[in-house]
Amino acid sequence: LFYIILSMKKAKCILVGDIAAGKSTLLNTYIHRTFPDYLGSTVGAEFSSKVVGDLEIQFWDTAGQERFRCMMPLYYRNANLILLIVDMSSVDSIKHTKTWYNQIRQHTDARIVLVGTKMDIVHDMQTQNMELIKSTASELFFLEKEEGTLVYVSSKDQQSLDVLFDDYVVPILNQIGTKRTSKAVDVKQNTIHRSRRSLFSFCF
């Protein structure tokens, strides 16, 4: 194997949203390029990273359960990008978007991208969900006072995930990633996958 030394930018990306919104499945499918058969609920948060070019993206996949909410300020700290994950098949998940937005803005001014998941199971009868998320997004983007981003994906459709990360996440983080470190990278690959680790605690 041949190795080269790259001067890398590091950027921190946090995934937040309701329990079972599809955060872990989305991230696992993107990183490992395969749809997982089963993933249990995240406990606290799980860390993973991916290198794209000279950018190392450090992902924190956070738990959606209420009992872990007190831990969220730890993960928001120094975040460069927040992916606010919304289950498009669930009206409740869409309605909770504003709550998540308000929580995020209490702790960070990082860029927010709304990600509507599970589009493979959203049927015609759920067109009201599409209208609801659009109106919710418009309200939040108005509060942001800038053009916002709403991306629809299905974790079963790798192409839709590539659009999310290649067209939005990576370019955004390339603009704002700051710290640089030297790292050996296998020139035959453009990614490095690290073991995921869980951090957990409870809120009382």
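Is Lys-98 buried, partly exposed or exposed, and what is its relative accessibility? I opened my notebook with that one. Lys-98 comes out at 34% relative accessibility, so I wrote it down as partly exposed. I also noted that I am working with a predicted model.

**Entry: the search**
I looked through the whole structure for salt bridges and found three. Side chains of opposite charge can pair when their charged atoms come close.

**Entry: Lys-98 and Glu-139**
I started with the partner of Lys-98. Its side chain meets that of Glu-139 in a salt bridge, with 2.9 Å from N to O. Lys-98 sits in helix H4 (residues 97-107) and Glu-139 in helix H5, so this pair ties together parts that are 41 residues apart in sequence. I checked Glu-139 too, and it is partly exposed at a relative accessible area of 38%.

**Entry: Asp-87 and Lys-118**
Next I looked up the salt bridge between Asp-87 and Lys-118, where the closest N and O atoms are 3.2 Å apart. Asp-87 belongs to strand S4 (residues 81-87), while Lys-118 is in the loop between strand S5 (111-117) and helix H5 (127-144); the two are 31 residues apart. I found Asp-87 buried, at 7% relative accessibility. Lys-118 has 23%, so I put it down as partly exposed.

**Entry: Asp-162 and Arg-33**
My last stop was Asp-162, whose side chain forms a salt bridge with that of Arg-33 at 2.8 Å, N to O. This pair links distant parts of the chain, 129 residues apart: Asp-162 is in helix H6 (residues 158-176), and Arg-33 is in the loop between helix H1 (23-32) and strand S2 (45-52). I noted Arg-33 as partly exposed, with a relative accessible area of 47%.

Terms used: Residues numbered from 1 in each chain as written. Predicted model: local features only at pLDDT ≥ 70, side-chain atom pairs only at ≥ 80, totals over all residues. Heavy atoms only, no water. Salt bridge = Lys/Arg side-chain N within 4 Å of Asp/Glu carboxyl O. Helix = DSSP H or I, 4+ residues; strand = E, 2+ residues; numbered from the N terminus. Buried < 20%, exposed > 50% of the residue type's maximum accessible area, 1.4 Å probe, protein only.
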